[in-house]
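I am opening my notebook on this model. I want to go through its pockets, helices and core in turn.

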Amino acid sequence: MRREVINVIKRLAKRLSAIKKYVGFVLGEMLIERGEFQSAIAVEKEKLGVVVIRLSEDRLALTVKLIRLTTAPASHGNISGTPRGEYWREFSAAEVSEFIAEVDDDNEIHRGARPIVPGFLIAEALFNRFDCKKIRLRFRNFTAVGEKLFLTVDGERFFVDASERKVEGWILDY
């Protein structure tokens, strides 16, 4: 079941990447829901550099909030903060390259010397980690390839940290 959900997340990410109007936007929030859905894509809100899009297919629906990136992401050189939680994982350049090729993601922040990990790839990994029907993610900061990520779970809330908070999430339905 999890592999099937992961494949649907990738297909929905590919559908979103096909909307070239939003190249250069970054993922701010995401709601992932398992259930029964009709295949659809709809822009629910669009104003002032923010767009909310709902995508669905068979057994999965995603609602994403995209934000127009107006400046280049800050360098993720030396990490000086103390992360919280237990070591969870790192994303490799090969994982990012494979993912962006698979979903046709043209966003330049996922390329270069220190690429930023796509939010959909992080969401895929988190959804695979938690066996739930609904999960909400808020992306606080960019996650660079090679950053050691730490996971804290506190009831229905969880946090992904490195030197700073990266992702804040809620498990809404087990």
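**Pockets and cavities.** I set the terms down before looking. On a 1 Å grid over the protein atoms alone, a pocket is an open set of points with protein on both sides within 12 Å along at least five of seven lines. A cavity is a set of points where a 1.4 Å probe fits but cannot get out, and lining residues have an atom within 4 Å of a point. Grid points are joined across faces, edges and corners, and a volume is the space filled by probe spheres set on the points.

I also note the ground rules. This is a predicted model, in which local features need pLDDT of at least 70 and side-chain atom pairs count only at pLDDT 80 or more, while totals for chains, interfaces and linings use all residues. Residues are numbered from 1 along each chain as its sequence is written, and side-chain values use heavy atoms, with hydrogens and water left out.

I looked up the second largest pocket. Its space comes to about 220 Å³. It has 13 lining residues, and K10, R89, E95, L121 and E124 are the closest to its centre. Helices α1, α2 and α3 each supply at least two residues of that lining. (Helices are DSSP runs of H or I, at least four residues; strands are runs of E, at least two; both are numbered from the N terminus.)

Then I turned to cavities. How many of 30 Å³ or more does the structure hold? I find two. The second largest cavity has a volume of about 30 Å³. Its lining is R2, V5, R34, F127, F130, D131 and C132.

**Confidence.** I checked pLDDT, the predictor's confidence in each residue, from 0 to 100. The chain has a mean of 87, and 91% of its residues reach 70 or more. Residues 75-79 stay under 50, and the model has 10 contacts for them beyond four places in sequence. Contact means heavy atoms within 4.5 Å.

**Helix α1.** I compared its length with expectation. The expected span is 1.5 Å times one less than the number of residues. For the 16 residues of α1 that should be 22 Å, and the end C-alpha atoms are 22 Å apart, so the two agree.

Next I listed what is buried in α1. Buried means under 20% relative accessible area, exposed over 50%, and partly exposed in between, with a 1.4 Å probe and protein chains only. The buried residues are V5, I6, V8, I9, K10, L12, A13, L16 and S17. Their cover includes β1 (25-34), β3, β4 (60-68), α2 and α3.

K10 lies in α1, residues 2-17. Beyond four places in sequence, K10 is in contact with F99, E102, V103 and E124.

I followed one of those partners. E102 sits in helix α2. E102 counts as partly exposed, at 37% relative accessibility. Outside its sequence neighbours up to four places away, E102 touches K10 and K14. E102 and R11 are 91 residues apart in sequence, yet their C-alpha atoms are 8.9 Å apart.

The buried ones are G119, F120, L121, I122, A123, E124, A125, L126 and F127.

A nonpolar core is a set of buried Ala, Val, Leu, Ile, Met, Phe, Trp, Tyr and Cys residues joined through side-chain atoms within 4.5 Å. The largest one has 45 residues, of which M30, I32, V64, L66, F120, L126 and L137 touch the most other members. Helix α3 gives the most to this core, with seven residues. In soluble globular proteins, nonpolar side chains tend to be buried together.

L126 is in α3 and counts as buried, at 0% relative accessibility.

**Positive phi.** I found L48 with a phi of about 50°, although it is not a glycine. L48 is in the loop between β2 (40-47) and β3 (50-57), and is exposed at 83%. D104 has a positive phi near 55° and is not a glycine either. D104 lies in the loop between α2 (93-103) and α3 (119-129), and is partly exposed at 38%.
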